[in-house]
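Work through the exercises below with the model open. Each task is followed by a stepwise solution.

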Amino acid sequence: MDKKGTVLSGMRPTGALHLGNYFGALENWIRLQDKYNCYFFVADYHALTTGYENTDDYKDNITNLLVDWLAAGLDPEKCTFFVQSCIKEHAELHLLFSMNLPLSWLYRCPTYKDQLTQLKDKNIATYGFLGYPCLMATDILMYKADFVPVGEDQLPHLEITREIARRFNYLYKSEVFPEPQPLLTKAKVLPGLDGRKMSKSYNNTIALSDSPDVVRKKIMSMVTDPARIHKTDPGHPEVCSVFSYHKLFSEDQVAEIEHDCRNGKIGCVACKKKLADNIAELLTPIYERRQQWLKRTDDIKDIIIEGNKKARMKAEETMAEVRRVMKIDWI
Ligand code: SF4
């Protein structure tokens, strides 16, 4: 094992990252880059599993994702960024794994049926979509990751990866693939502006690319406790999304806000202004760095070329081993 241990994680390039993505993954990645040998990749093949029909925004989405990562604080000096489709070995290993992967493992994957029902408007009854846990295993095992940051709900996916590694090692009497361990992270959950799950499809997000003015306007339009009409009405912070945000952004003021809300001592407008100021402390520097990175697209390309090079070296090494133990290295 690498002295620091290798961590691998990826994100689909499907549009602007929002605060839910920041607290759900990115904030954790920024911490991990100081402790581990991290590979962070743009999961563009994965984006095709559900979005193959329209790839018009494909390239822009990749650039925007990288800009978001850099602006948020991921540092290419500390970790390796790469784009999945640039490392063709992923396609080869995915194919080889698919040869011996029992279909029952894929059908029992909890998200499979779930997504089929949730994404009814898309035709995803496809070979590629069913096989996405195989693609995920490919990404992780290619780099022999020791750890994968996951939430509890993603543990079954990682278990399939571990089974695929075990099955490969058993079939080809080898120890090519270590079984990756979960790096359990309790993601901080941030509801959307309307209290539902934060999601682009609900149009209730705060994007990392939103300007400070837009963020302020969005906060000021948030729905609060509907029972509060006058400032002096006692409030119920537990039903108010503004309060859920305060828990994350105003840690040292949250007890006071709760007390003042329950006792009718603070109005919702003042409460939202406080929140907008605290969110601006986090988001304004990210927004400003974003504007700078947007002017440096050539530098971003260089970062990716460099990262791809490092990733490819590791992938070629792994594939040479795979072909050797499978005895398909006849030339
Ligand atoms: S005072 Fe703040 S926490 Fe209380 S209902 Fe209004 S916005 Fe929500």
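**Exercise 1.** Determine the handedness with which α4 and α14 cross, then describe their packing.

Solution. Step 1: the crossing of α4 and α14 is left-handed; a crossing is left-handed if the near helix is turned anticlockwise from the far one by less than a right angle, and right-handed if clockwise. This is a predicted model, in which local features need pLDDT of at least 70 and side-chain atom pairs count only at pLDDT 80 or more, while totals for chains, interfaces and linings use all residues. Residues are numbered from 1 along each chain as its sequence is written. Helices (H or I, at least four residues) and strands (E, at least two) are DSSP runs, numbered from the N terminus.

Step 2: list the contact, where two residues qualify if their C-beta atoms, placed from the backbone, lie within 7 Å. α4 contributes E89, E92, L93 and L96, and α14 contributes A315, E316, M319, V322 and M326.

Step 3: sort them by class, with Ala, Val, Leu, Ile, Met, Phe, Trp, Tyr, Cys and Pro as nonpolar, Asp, Glu, Lys and Arg as charged, and the others, Gly among them, as polar. The contact of α4 with α14 has six nonpolar, no polar and three charged residues.

Step 4: take the geometry from axes, which are lines fitted to C-alpha atoms, for helices over the stretch in contact, with angles from 0 to 180 degrees between N-to-C directions. α4 (residues 89-100) and α14 (residues 297-326) pack at about 30°, their axes 10 Å apart. That makes α4 roughly parallel to α14 (under 35 degrees; over 145 is roughly antiparallel, 65 to 115 roughly perpendicular and the rest oblique).

**Exercise 2.** Characterise the packing of α8 against α9.

Solution. Step 1: the axes of α8 (residues 132-142) and α9 (residues 155-171) come within 9 Å and cross at roughly 70°. The two helices are therefore roughly perpendicular to each other.

Step 2: the crossing of α8 past α9 is right-handed. P133, M136, A137, I140 and L141 of α8 meet H157, I160, T161, I164 and A165 of α9. By class, this contact of α8 with α9 has eight nonpolar, two polar and no charged residues.

**Exercise 3.** Is T117 buried or exposed?

Solution. T117 lies in α6 (residues 110-118). T117 counts as exposed because it has 7 C-beta neighbours inside 10 Å (buried means 20 or more other C-beta atoms within 10 Å of its own, exposed 12 or fewer, partly exposed in between, with C-beta atoms placed from the backbone).
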